[in-house]
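This briefing goes through a single chain, from its overall fold down to individual residues.

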Amino acid sequence: NDSLAGAVEVPFAIFEGLRSCPTDDDYYILPMFAGDQLDAELFFLHSEGDIDISLFDPTGLMVEVSWTGTDDEFLSHAATMDGDYLLEVQLWLDNGTAIGNDYEMDLLLSPAEPNCSTGDFFEPNDTPTTPFPIVEGAATGLSVCPGNDDYFTIFLSAGEEIDVDLF
């Protein structure tokens, strides 16, 4: 995910153990529908490096930024159109003793009213033979629509347990 062409699509979740390095920006694709509300938060120590975030809409227009000179960055944006938004994470200034800076990224999506004509991010996952694979953590931005069942898979090793909460 070190270039626009190499941007990766990620679910709306919490990501720990990420690292931003000089001249090596990180790019994330965030699919959203018009009316969806994105809250993106990065946690890091400014003393190790100043990390900034920028959000671009599906046309490539920069629509939100968080470029502070302190610990952590936060931006919030209500999508104005359907499509893939691009979040750029950039190490603006490397202040610390080590090269780069570690960060945690929290992505929260508050969906608009369910768009039952197109479904949610995980579509098409309407049958047991077309489940969407999910990873450990929170999945947000899901919708429940009449006549549109959703199926998911998750990998578990022998003896592991799963706890699912819906809210």
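Two residues are in contact when heavy atoms of theirs lie within 4.5 Å. By that criterion, and not counting residues up to four places away in sequence, valine 89 touches Ser20, Asp25, Asp26, Tyr28, Leu42, Ile51, Asp52, Ile53 and Tyr103. The model is predicted. The chain has eleven strands and zero helices.

**Overall composition**

- Along the sequence the pattern reads β-β-β-β-β-β-β-β-β-β-β.
- The chain has 167 residues, and 35% of them count as buried.
- The C-alpha trace spans about 55 × 45 × 30 Å along its principal axes.
- If contacts are taken between residues at least 6 apart in sequence, 69% of them join residues at least 24 apart.

**Four-stranded sheet**

- An open sheet is formed by four strands in the order β2-β9-β4-β7, with antiparallel pairing.
- The edge positions belong to β2 (14-20) and β7 (73-78); each has a single partner strand, so one side of each lacks a neighbour in the sheet.
- On average, neighbouring strands of this sheet are turned by 20° against each other, direction ignored.
- Strand β4 (residues 37-43) and strand β9 (residues 101-110) run antiparallel and are joined by seven bridges.
- Glutamine 37 has serine 110 in β9 as its bridge partner.

**Salt bridge**

- How many salt bridges does a search of the whole structure find? The search finds one.
- Arginine 19 forms a salt bridge with aspartate 102, and the closest N and O atoms are 2.5 Å apart.
- This pair links distant parts of the chain, since arginine 19 is in strand β2 and aspartate 102 is in strand β9, 83 residues apart.
- Arginine 19 is partly exposed at 34% relative accessibility, and aspartate 102 is partly exposed at 46%.
- As a general point, side chains of opposite charge can pair when their charged atoms come close.

**Five-stranded sheet**

- Five strands form an open sheet in the order β1-β3-β8-β5-β6, and the pairing here is mixed.
- β1 (8-9) and β6 (62-66) stand at the edges with a single partner strand each, so one side of each is left without a neighbour in the sheet.
- Strand β5 (residues 50-56) runs antiparallel to β6, and four bridges join the two.
- Within this pairing, the bridge partner of leucine 55 is glutamate 64 in β6, while phenylalanine 56 stands opposite methionine 62 in β6.
- β5 and β6 form a hairpin with five residues between them, and glycine 60 in the turn has a positive phi of about 95°.

**Valine 89**

- Valine 89 is located in strand β8 (residues 83-93).
- Is valine 89 buried or exposed? Valine 89 counts as buried because its relative accessibility is 0%, and the cut-off for buried is under 20%.
- The C-alpha atoms of valine 89 and tyrosine 151 are 32 Å apart in space, and the two residues are 62 apart in sequence.

**Tryptophan 67**

- The loop between β6 and β7 holds tryptophan 67.
- Tryptophan 67 counts as exposed because its relative accessibility is 51%, and the cut-off for exposed is over 50%.
- Leaving aside neighbours within four places in sequence, tryptophan 67 is in contact with Asp52, Ile53, Ser54, Met62 and Glu73.
- From tryptophan 67 to serine 54 the C-alpha separation is 8.1 Å, and these residues are 13 apart along the chain.

**Nonpolar surface patch**

- Which residues make the nonpolar surface patch of about 490 Å²? The patch is made by Ile154, Leu156, Ile162, Val164 and Leu166.
- Leucine 156 is placed in the segment after β11 (152-153).
- The relative accessible area of leucine 156 is 35%, so leucine 156 is partly exposed.

Notes:
Residues numbered from 1 in each chain as written. Predicted model: local features only at pLDDT ≥ 70, side-chain atom pairs only at ≥ 80, totals over all residues. Heavy atoms only, no water. Buried < 20%, exposed > 50% of the residue type's maximum accessible area, 1.4 Å probe, protein only. Pairing = 2+ DSSP bridges. Axes fitted to C-alpha atoms, helices over the stretch in contact; angles between N-to-C directions. Patch = residues over 30% accessible without salt bridge, like charges linked within 9 Å, V, L, I, M, F, W, Y side chains within 5 Å. Areas by Shrake-Rupley, 256 points an atom, 1.4 Å probe, with all protein chains shown as cover. Salt bridge = Lys/Arg side-chain N within 4 Å of Asp/Glu carboxyl O.
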